[in-house]
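Subject: Structure handover

Hi,

Here is the structure I promised to pass on. Have a look at it first, and then read on for what turned up.

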Amino acid sequence: MAIGIWAAIASGGAAVGPLLGGALLEHFWWGAVFLINVPIIAVATLLALCYVPVRPGNAAITIDLPSCGLSMVGIIALAYGIKELAKPGGSAALALGMLVLGGATLGVFVRRQLRLERPLIDLRLLAQAPIATGMLVALVASMTLIGFELVLSQRLQLVVGKSPLEAGAFVLPISLGSFFAGPLAGAVIGRIGCVRVIAAGLAMTALGIAGYLLLRDGSVLAQVLVLTVCGIGIGASLTASSTLVMSNVSEDRAGMAGSVEGVAYEFGGGFGVTIFGSLMTAVYVSTVDRLGFAVQAGGSLDEAHAHARAHPEAQAMLQAAMQAFETSFTWVSVAVAAILLALVLAVLGQRRRLGAAGEAPRVAAH
């Protein structure tokens, strides 16, 4: 239940973010979406100083700076390689080189973590099936949801014609659904177990995304309902995955387990933007090229709109670019739903290995 409430607070923040960002973009310089974090961090720091208990640290524990460098270089190189691969006119040699560099660097990072007595990220935790499953769900769920929200927000603004604030309000049902699903999942987990909640939540998310894909030109109410289903599913599955991780680790390892799970969320979110953004670009470029508007439509619908504003006679090109974007949106949405359903099968397939960790606890009668 505590994890469910924590997840609800996180979802509440995610709900406010797009609205606040949209309002800032409509009235201020675009950099304001970054600067808004400064007063928030200042307030959070003051509250932490006043209310977070002070506990003595351990001077013997140090941060392994080489591990920090390896992880940064590896992640940046992989992301750069994927983006270069999808970029119109990108260099295949450069993309391959960056992918090899990123993979090799992360390989060295993993080996270093397994050898250090006090690693930056203790990957040995993943040897336990419940923790590894929870981390996998956190990684893939955050990757797919953020990838879908990326293309959805662009579609709402560039195809439907909504303002940034209106687009932020339109995706609000996802966060609100997740907000209410967190505590609810926390209560249900005790009855039916983590595995069932994770599987049901991921299936609901896939169903919601598929529903939006089919109803994207339908009534606003229908779209809101399927986006809410998507939010409820992701909120429930992430709450259950966190419970699966934190309930299967000792108290002295809870901090490290929470850190690794946080890395899974952020890594998944970052690569969700990279992978699905690149897929969107690749499909868009391929489609406008097939339609004969590769030069005018550029590498994104943004560029096509800019060209159309400068050349009012290029409406046929803009329509073709919108068609290409809709095609890319369909591809990304189908890919996201398929990955989520594959994850459902993977989690259900792990039920035997998870054993009692994934089932509802049995309470002895007194």
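Predicted model: local features only at pLDDT ≥ 70, side-chain atom pairs only at ≥ 80, totals over all residues.

Let's start with α6 and α14. Helix α14 covers residues 315-349, and its axis lies 10 Å from that of α6, at an angle of about 165°. Angles over 145 degrees count as roughly antiparallel, so α6 and α14 are roughly antiparallel to each other. Their crossing is left-handed. On the α6 side the contact includes Leu 136, Val 140, Phe 148, Val 151 and Arg 155, while α14 brings in residues including Phe 325, Glu 326, Phe 329, Val 336 and Leu 343. By type, the residues of this α6–α14 contact split into 16 nonpolar, 5 polar and 2 charged.

α14 also packs against α11. Here the axes come within 8 Å and cross at roughly 140°, and α11 passes α14 in a right-handed crossing. Among the α11 residues that take part are Phe 276, Met 280, Tyr 284 and Leu 291; they belong to a group that meets α14 residues including Ala 324, Phe 325, Trp 331, Val 332 and Ile 339. The tally for the contact of α11 with α14 is 16 nonpolar, 4 polar and no charged. If you are colouring by contact, note that Phe 325 of α14 is listed in the contact with α6 and also in the one with α11.

α9 passes α10 in a left-handed crossing. The residues of that contact divide into 18 nonpolar, 9 polar and no charged.

How much space lies in the second largest pocket? About 550 Å³. Its lining is made up of 21 residues, and those nearest its centre are Ile 121, Leu 139, Val 263, Ala 264 and Phe 267. The elements giving two or more residues to this lining are α4 (65-86), α5 (92-115), α6 (129-158) and α11 (254-291). Which of them gives the most? That is α11, with 8 residues.

Cheers

Methods
Residues numbered from 1 in each chain as written. Heavy atoms only, no water. Left-handed = near helix turned anticlockwise from the far one by under 90°. Helix = DSSP H or I, 4+ residues; strand = E, 2+ residues; numbered from the N terminus. Nonpolar A, V, L, I, M, F, W, Y, C, P; charged D, E, K, R; others polar. 1 Å grid on protein atoms, 1.4 Å probe; cavity = no way out; pocket = protein on both sides within 12 Å on 5 of 7 lines; lining within 4 Å. Points joined across faces, edges and corners; volume = space filled by probe spheres on them. Axes fitted to C-alpha atoms, helices over the stretch in contact; angles between N-to-C directions. Parallel < 35°, antiparallel > 145°, perpendicular 65-115°, else oblique. Contact = heavy atoms within 4.5 Å.
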